[in-house]
Amino acid sequence: IQENYTTKGDSIILGGSMFEKETIAQTFVKIPLKTLNRHGMIAGATGTGKTKTLQLFAESLSLKGIPTLLMDIKGDLSGLAATGS
C-alpha cells in the first residue's frame, strides 16, 4: 500500500489505510495535487462520512492555497468555515 501511494510532487493526505478492518500504521492515502482537475464528487449512503471527507478534502486544499467551491443542496456544510468547527 505504501508503495502505491508514494507520489512525486505535492499531495494531500485523505487518511490512513486499512486492510481487512485493521489499520496499517504510517500508511496514508494520498492524492497528488497534479491529478486534481476541475470537478469532483463524493457520493455514498447516509452516515458513511461524506460530509467529514469533504471537510477534510476542502481544508487540505485550502492549506495548499487552492481555492475550493463546495455546493450542498441539503445545507449539511453550513457553518463549515465557522471558528472552532
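Lys-21 is exposed, with a relative accessible area of 77%. This value comes from a predicted model. Lys-21 sits in the loop between β1 and β2. Its phi is near 65°, a positive value in a residue other than glycine. Glu-20 lies in that loop between β1 and β2 as well. Phi of Glu-20 is near 50°, again positive in a residue other than glycine. Glu-20 is also exposed, at a relative accessible area of 65%. Both residues pass the cut-off for exposure, which is over 50%.

The strands β1 and β2 pair in the antiparallel sense. Eight bridges join them. Strand β1 covers residues 11-19, and β2 covers residues 22-32. Within this pairing, Gly-16 stands opposite Phe-28 of β2. In a regular strand, side chains alternate between the two faces of the sheet.

The overall architecture is simply stated. The secondary structure of the chain comes to one helix and two strands. Read from the N terminus, the elements run β-β-α. The helix, α1, spans residues 50-63. The chain has 85 residues, and buried residues make up 14% of them. A residue counts as buried when its relative accessible area is under 20%. Contacts were also examined by separation along the chain. Among contacts with a separation of 6 or more, 38% involve residues 24 or more positions apart.

One salt bridge is present in the structure. The side chains of Lys-64 and Asp-10 form this salt bridge, with a distance of 2.8 Å from N to O. Lys-64 lies in the segment after α1, and Asp-10 lies in the segment before β1, so the pair ties together parts that are 54 residues apart in sequence.

Arg-38 is exposed, and its relative accessible area is 77%. Thr-68 is 30 residues from Arg-38 along the chain. The C-alpha atoms of Arg-38 and Thr-68 are separated by 9.7 Å.

The largest pocket has a volume of about 1000 Å³. Its lining comprises 28 residues. Those closest to the pocket centre are Gly-40, Met-41, Ile-42, Leu-54 and Leu-70. Of these, Leu-54 falls within the range of α1, residues 50-63. By class, the lining of the largest pocket has 14 nonpolar residues.

Key. Residues numbered from 1 in each chain as written. Predicted model: local features only at pLDDT ≥ 70, side-chain atom pairs only at ≥ 80, totals over all residues. Heavy atoms only, no water. 1 Å grid on protein atoms, 1.4 Å probe; cavity = no way out; pocket = protein on both sides within 12 Å on 5 of 7 lines; lining within 4 Å. Points joined across faces, edges and corners; volume = space filled by probe spheres on them. Nonpolar A, V, L, I, M, F, W, Y, C, P; charged D, E, K, R; others polar. Salt bridge = Lys/Arg side-chain N within 4 Å of Asp/Glu carboxyl O. Helix = DSSP H or I, 4+ residues; strand = E, 2+ residues; numbered from the N terminus. Pairing = 2+ DSSP bridges. Buried < 20%, exposed > 50% of the residue type's maximum accessible area, 1.4 Å probe, protein only. Contact = heavy atoms within 4.5 Å.
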